[in-house]
Amino acid sequence: MQSRTPAELATIALEVASQAALLLQAGFRSRPAVGKKARIDLVTEFDLASEVLLRQRLSELTPELPLIGEEQGGTPTTELAWYVDPLDGTTNFVHGHPFYCVSVGAMRDGRPVAGAVVAPSLGLSYHGAIGELAYRNGEPCRVSDSVELEDSLLATGFSPNYRREPPHDNFEPFLRAKRIVRGVRRCGAAALDLCFVADGTYDGYWERSLHAWDLVAGSAILLAAGGRITGLHGREPELSIGHVIASNGRLHEALLELVGEDPQRVPLPSA
Ligand code: IPD
Ligand code: CA
Ligand code: CA
């Protein structure tokens, strides 16, 4: 069986994610029919068609690798496997908001190995591999240098599941962060949020109750860009459980205290 380097996997991920991204862009703002997996968990024909394309291309290019995708599932494994989100940011896509992407990542034994994230309506593509560089539109990118929470721009998200009960609703950590940092964005595509930490746009990001297909590609890119990702408790992230804090590394401990599992209150600024 052919073994692939992380860099080769990142290149393959970028190629197939770019193809699927073209498919999505062709349907953007076309007012697609909307199905509901749950009350606010949407799906369109473009989510489905994108995953069909990704499965077909990846089975041609890497027939030895299993694939777990949001729409058709698959069996999670500790072996090297693809984790794909064919359309991350479906709610944005449905409403004609350009913050959506295709996310294709490879993970082995719970650790991200390589990935690509392509956001066609933003003109952005990212790819990266463990032990290599991270790239934004083909140019190397790095995390930010910020060391102070009060100078930082963060991002978060709110899961369509569990949103009514604390702590899963994420409201309390969100309010706490808003009082301390420059801003907290909620743009609606977890894979892109991670890439925006990787390229230094955001200094940190946290969210609860995501899935491995939301996280694997962006985590690989973030780590390649010099960032750090943990669970909300500060230990190794369990990407299949999906509670994560990602940062430029320098701010990580402060972020854990601010929005982590057992946050100690950070003193409020005087003005
Ligand atoms: C969603 C997005 C969103 C996050 C949700 C995810 P989907 O993925 O990543 O930013 O807040 O928790 O479910 O459903 O658009 O693929
Ligand atoms: Ca997603
Ligand atoms: Ca999705």
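A residue is counted as near a molecule if one of its heavy atoms lies within 4 Å of that molecule. Of the 17 residues around ligand 1, those that come nearest are D88, G89, T90, G188 and E207. The model is predicted, so local features need pLDDT of at least 70 and side-chain atom pairs count only at pLDDT 80 or more, while totals for chains, interfaces and linings use all residues. Residues are numbered from 1 along each chain as its sequence is written, chains are lettered from A and ligands numbered from 1 in the order in which they are written, and side-chain values use heavy atoms, with hydrogens and water left out.

Ligand 1 sits in the largest pocket. Pockets were found on a 1 Å grid over the protein atoms alone; a pocket is an open set of points with protein on both sides within 12 Å along at least five of seven lines, whereas a cavity is a set where a 1.4 Å probe fits but cannot get out, and lining residues have an atom within 4 Å of a point. A molecule sits in a pocket if more than half of its atoms lie within 2 Å of the grid points. Strand β4 gives the most to the shell around ligand 1, with three residues. Helices (H or I, at least four residues) and strands (E, at least two) are DSSP runs, numbered from the N terminus.

Backbone atoms make polar contacts with ligand 1. Such a contact is a pair of N or O atoms within 3.5 Å; within protein, one must be able to donate a hydrogen and the other to accept it, and residues adjacent in sequence count only if both atoms are side-chain atoms. A polar backbone atom of L87 is 3.2 Å from an oxygen atom of ligand 1. For A189, a backbone N or O atom lies 3.0 Å from a ligand 1 oxygen. For A190, the corresponding distance is 2.9 Å. Taken alone, ligand 1 exposes 370 Å², and the protein buries 91% of that. Accessible areas come from the Shrake-Rupley method with a 1.4 Å probe; for residues, only the protein chains shown count as cover.

Two calcium ions were examined next. Donors are N, O and S atoms within 2.8 Å of the metal (3.2 Å for Na, K and Ca); water is not among the atoms, so sites may look incomplete. The calcium ion (ligand 2) has D85 (OD), D88 (OD) and D214 (OD) as protein donors, at 2.0 to 2.3 Å. Along the chain, these donor residues are spaced D-x2-D-x125-D. D85 lies in strand β4 (residues 81-88) and D214 in helix α6 (residues 212-224), so the pair ties together parts that are 129 residues apart in sequence. Both D85 and D214 are buried. Buried means under 20% relative accessible area, exposed over 50%, and partly exposed in between (1.4 Å probe, protein chains only).

D85 bridges the calcium ion (ligand 3) and the calcium ion (ligand 2), which lie 3.7 Å apart. D85 counts as buried because its relative accessibility is 1%. L87 is buried, with a relative accessible area of 1%.

Two residues other than glycine have positive phi values. R31 has a phi of about 50 degrees. R31 is placed in the loop between α1 (6-27) and β1 (34-38). At 79% relative accessibility, R31 counts as exposed. Phi of N170 is near 70 degrees. N170 lies in the loop between β10 and α4 (171-180). N170 is buried, at a relative accessible area of 1%.

D145 is found in the loop between β9 (139-141) and β10 (153-156). D145 counts as exposed, at 61% relative accessibility. D145 and D203 are 58 residues apart in sequence and 8.1 Å apart in space. R39 lies in the loop between β1 and β2 (41-44) and counts as exposed at 53% relative accessibility. R39 and P160 are 121 residues apart in sequence, yet 8.3 Å apart in space. V118 is found in strand β6 (residues 111-119) and is buried, with a relative accessible area of 7%. V118 and A13 are 105 residues apart in sequence and 9.8 Å apart in space.
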